[in-house]
Every structure is written in C-alpha cells, then in structure tokens.
Amino acid sequence: MDGTTRRFGVPDGLLAVGLFGGALVLAALAFVGLTGTGSTQLAPLVVSVGVLGTLGVVVGAALVLFGRLRGSAAIVEGKTREVEEAGSRLQVLVEHVPAAVYIDLADPDVTDGGRLAYMSPQISGILGYRPDELVDDPELWPSRIHPQDRAAAIAAYEEHWRSGQPLRAEYRMLARDGSEIWVRDEAYAMPDDTQSGRQMSQGLLVDITDRKLLESKLIHDALHDPLTGLANRVLLRDHLERALARLGRSRGIVALLFVDLDDFKRINDSFGHAAGDQILAHVADRLTSAVRADDVVGRQSGDEFAVLLNQVRNEAEAIALAERVMTELRRPVQLGAHSIVVGGSIGIAMTAAPEATAEDLITQADAAMYAAKANGKGTYAVYDPRMPVRTWSELEAAG
C-alpha cells in the first residue's frame with residue numbers, strides 16, 4: 001500500500017474534489033433557474049469547476065482501475081512463471097527418478113492394447129532402447145516381453161484397459177543386447193485424452209532384476225545343499241510328493257534309492273574333513289551323471305544321498321539304475337597323491353499305488369539300505385515288508 005486513504009477504491013483527495021465539483025454543478029443549475037437569464041454569465045464558470053471535479057473522479061477511478069489491471073497482469077504473469085517453474089521441476093523429477101515413467105493411449109490394434117505417447121529417458125538404462133524408438137514403433141514394447149511371460153503380461157494389460165483397475169505386474173523383458181531384465185510395471189487409469197477421446201494410462205516401470213536374482217538365490221539356498229549343490233531333504237521330498245501325485249493320472253512306478261557311503265568316517269579320520277568334503281562333492285557329481293536327466297539326486301545328511309527315479313517300467317529297471325550308481329561309486333577318487341575308493345550301500349523302494357505317501361517310500365528305502373549294509377555293504381537291497389522299519393519320528397530325529 002502507498003499510504004493514501006481510499007474509499008470505494010478511490011483516493012480521498014480525488015473523491016473530495018469530485019464531490020465538491022458535483023455540488024457546484026448542482027448549485028449553478030439551481031442559481032440559473034432561480035435568477036433567470038441575467039445571471040447566466042456566472043453559470044459557465046460554476047459548471048466548468050464542477051465538470052473539472054467530476055473529471056477528477058473519473059480520471060482517479062481510471063487510474064485505480066489501471067493500477068488494479070496492471071497488478072492483475074503481474075499476478076497472472078507471476079502465476080504463469082510459477083507454473084512453468086513447477087513444470088520444469090516436475091520434468092527434472094520425472095527424468096531422474098530410478099524408474100521409467102510412461103503414458104499409454106488405449107489402442108486395440110496394438111498387441112498389448114496401448115500405444116505409447118510418452119516414455120521417459122530412464123528406459124534407455126533399463127532396456128537399451130531410446131524413448132523415441134518405443135514411441136514410434138508401438139509393437140516394439142510387446143515384442144520385447146520375454147516369450148515365457150508374454151501371455152500373462154498381455155492378459156494383465158487387457159484387464160487393465162477393460163476394467164480401469166490399476167495394473168500391477170512383474171515380468172521379464174529382453175534388452176537390446178539380449179539380456180533378461182525383470183521389471184515391475186504399475187499403471188493407473190487417467191481421464192480420457194481430450195483430443196483423441198481414447199483411454200489414457202500413466203505408468204511407472206522399475207528394474208527389479210537385482211531383487212529377483214536375490215530372491216532366486218535365497219530360494220535356491222533354502223532348497224539345496226550348500227556343499228554339493230544337490231537338492232536338500234525339503235526339495236527332494238517335494239519332488240517325491242509330485243511324482244507320487246502323478247501316479248494318480250498315469251500308470252508307472254516311482255522308485256527311491258537311499259545311498260549311504262560305506263566307512264566314510266574312516267576317510268574323514270584319515271584325510272581330514274576338508275578332504276572328506278571334496279569326496280562328497282565328487283560323489284554328488286557321479287550320482288548325477290549316473291542317472292537320467294529327469295531323475296533327482298539329493299543329499300539327505302552327512303554321507304547319505306537319495307535318488308528319485310521319477311518313472312520306471314519295473315523292478316528290473318530300478319535295479320539296473322542302482323547298479324549303475326554303484327559302479328560310479330567304486331571308481332577311485334583322486335585326491336592329491338591319494339587314490340581313494342568310495343563304496344556305498346543302496347536301499348531300493350518302489351510303488352505304483354496312487355495312495356502311497358512320501359513317508360512310506362522314505363521309510364522303506366531307509367529299511368532296505370540298512371538291510372544292504374547288513375548283507376556286507378557295497379551292495380543293494382530291495383525293500384521287503386519283512387524288513388524292520390524305523391518310524392518317521394525316528395528318521396526325523398536321526399536326520
């Protein structure tokens with residue numbers, strides 16, 4: 001404020017002059033009317049003063065209005081500048097967050113149902129493609145979704161466009177160099193585009209490859225033996241349960257071999273535990289090479305291993321595979337200057353009954369393995385119901 005007292009938006013000085021001038025105009029008109037034509041010589045002077053006063057009011061009001069307009073223009077200019085600055089800050093933010101921001105327009109002619117209208121520069125660091133390449137070629141994006149994940153990703157996009165519900169999907173993409181990139185894709189419906197009238201969607205794409213690799217490693221470590229890399233007891237049991245479940249849908253026989261290395265304590269005592277670990281790793285490799293590709297080799301504990309034969313035609317085939325395993329175990333293991341022969345006793349359990357359980361086969365294979373050891377070691381035995389069987393609780397306690 002400039003310190004001037006105002007009424008009705010007009011400075012008091014101008015308002016007083018105007019009111020005085022207006023009063024003089026009224027007085028002059030009254031004087032002329034009362035005195036007749038003889039007094040008209042004074043009227044022009046009086047009217048001029050009143051007109052000047054009135055003009056002062058008008059000019060003052062005009063100046064106030066102009067000031068207000070100029071102030072309004074300054075406000076508008078300031079607001080425009082603020083919007084531009086905010087837009088610049090937003091652009092900097094969008095283009096520097098650790099994710100790619102995009103805008104999609106619904107387009108049923110594109111495989112994933114949307115045509116990219118904008119893609120932020122971060123996509124180059126994720127997939128190796130420039131934003132304009134993806135915007136100019138609407139089929140480039142869906143073509144880079146990993147073949148194994150494409151159907152699920154496209155279905156998620158279709159549901160997003162159909163329902164307007166947020167898209168939340170994780171899938172693999174193929175980068176320009178052919179590497180696999182895991183992404184987290186989240187998109188939200190926006191008001192329809194006013195120019196095209198099409199649905200719009202704004203999304204955020206995050207590279208989650210490192211997280212997925214860590215998750216995969218954690219899962220692998222939780223289900224595999226750290227020394228040999230073989231399936232541990234938990235994973236082996238899961239494979240066994242799946243194999244038994246398949247018996248209800250197809251005919252066949254599931255066989256389980258329990259392999260216990262003979263006199264392994266003597267090897268540990270003679271050469272040390274480090275040497276014993278090396279021998280266990282060699283045994284794991286030999287067991288894996290002795291069986292078929294769809295069979296599963298696992299380490300139960302210590303020097304005990306198990307082999308799941310997913311499908312055998314008969315007992316003879318299971319025995320033949322067990323003999324192949326024994327042949328591999330008898331081959332000497334070269335450990336420095338020492339050639340060490342590691343033998344093993346094998347118990348075989350089989351079933352073709354869909355109602356059989358994992359516990360049934362495990363306890364039976366364990367009983368057959370102890371029978372083989374009792375028969376002189378270095379041999380195999382097929383489970384027979386007359387064999388003594390340890391309870392599941394005893395097996396769990398021993399493991």
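1. The model is a predicted one, in which local features need pLDDT of at least 70, side-chain atom pairs count only at pLDDT 80 or more, and totals for chains, interfaces and linings use all residues. Residues are numbered from 1 along each chain as its sequence is written, and side-chain values use heavy atoms, with hydrogens and water left out.

2. Arg292 is partly exposed, at a relative accessible area of 24% (buried means under 20%, exposed over 50%, partly exposed in between; 1.4 Å probe, protein chains only). Leaving aside neighbours within four places in sequence, Arg292 is in contact (heavy atoms within 4.5 Å) with Leu309, Asn310, Gln311, Val312, Glu317 and Leu321. The C-alpha atoms of Arg292 and Asn310 are separated by 9.4 Å, the two residues being 18 apart along the chain.

3. Strands E5 (residues 167-174) and E6 (residues 180-190) pair in the antiparallel sense over eight bridges (pairing requires at least two DSSP bridges between two strands). Met173 has Ile181 in E6 as its bridge partner. Five residues lie between E5 and E6 in this hairpin, and Gly178 in the turn has a positive phi of about 90°. E6 also pairs in the antiparallel sense with strand E7 (residues 200-207), over eight bridges, and Ala189 is bridged to Ser201 in E7.

4. Three cavities of 30 Å³ or more are present. A cavity is a set of points on a 1 Å grid over the protein atoms alone where a 1.4 Å probe fits but cannot get out, and lining residues have an atom within 4 Å of a point; points are joined across faces, edges and corners, and a volume is the space filled by probe spheres set on them. The largest cavity has a volume of about 80 Å³, and its lining includes Tyr102, Asp104, Leu116 and Trp141. Strand E4 (114-119) gives the largest share of that lining, four residues.

Definitions and conventions: On a 1 Å grid over the protein atoms alone, a cavity is a set of points where a 1.4 Å probe fits but cannot get out, and a pocket is an open set with protein on both sides within 12 Å along at least five of seven lines; lining residues have an atom within 4 Å of a point. Helices (H or I, at least four residues) and strands (E, at least two) are DSSP runs, numbered from the N terminus.
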